[in-house]
Amino acid sequence: MYLTYDEYAEMGGTLNEAAFSRLELKARKLIDQRTFGRLKGLAEQSEVVKKLVFELMVVEEKEQNGVLQSVSNDGYSETYAVANNEQKSVCLIAAYLSQEKTADGTPLLYCGVM
């Protein structure tokens with residue numbers, strides 16, 4: 001786990017523990033995919049990684065809830081746009097982890113080509 005429920009709550013998170021666990025896992029898996037698993041097995045995650053997990057969870061929560069796109073009054077109708085936030089998530093990962101390195105100096109986002 002890259003972010004505990006207590007840390008999440010301290011950052012202002014409002015999800016219950018069950019919803020938190022599901023979204024934290026999804027955020028962690030996305031980070032692991034983009035970092036080629038370089039963060040797995042670390043005893044403690046950096047503050048940058050914890051904040052990134054929180055931000056990814058916020059993006060995912062908004063995607064699940066949808067964004068109010070329009071409201072009609074007479075017959076009362078609401079339309080929600082469900083955005084694909086994969087690009088936002090990838091940009092967040094790049095923004096947060098672009099300068100971060102492993103203990104041996106390997107950039108977390110290193111893909112094998114310089």
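Helices are DSSP runs of H or I with at least four residues, numbered from the N terminus, and the close-up views below, all taken from a predicted model, use the helix names that follow from this numbering.

**View B. Salt bridge between Glu60 and Lys26.** The side chains of Glu60 and Lys26 meet with an N to O distance of 2.9 Å. Because Glu60 belongs to helix H3 and Lys26 to helix H2, the pair ties together parts that are 34 residues apart in sequence. Glu60 is buried at 12% relative accessibility, whereas Lys26, with a relative accessible area of 45%, is partly exposed.

**View C. Salt bridge between Lys50 and Glu7.** In this pair the closest N and O atoms lie 2.6 Å apart. Lys50 is part of helix H3 (residues 47–65) and Glu7 of helix H1 (residues 5–10), so the contact ties together parts that are 43 residues apart in sequence. Lys50 has a relative accessible area of 8% and is buried, while Glu7, at 23% relative accessibility, counts as partly exposed.

**View D. Network of salt bridges linking Glu7, Glu44 and Lys50.** For the model as a whole, the count comes to four salt bridges.

Methods: Residues are numbered from 1 along each chain as its sequence is written. This is a predicted model: local features need pLDDT of at least 70, side-chain atom pairs count only at pLDDT 80 or more; totals for chains, interfaces and linings use all residues. Side-chain values use heavy atoms; hydrogens and water are left out. Helices (H or I, at least four residues) and strands (E, at least two) are DSSP runs, numbered from the N terminus. Buried means under 20% relative accessible area, exposed over 50%, partly exposed in between (1.4 Å probe, protein chains only).
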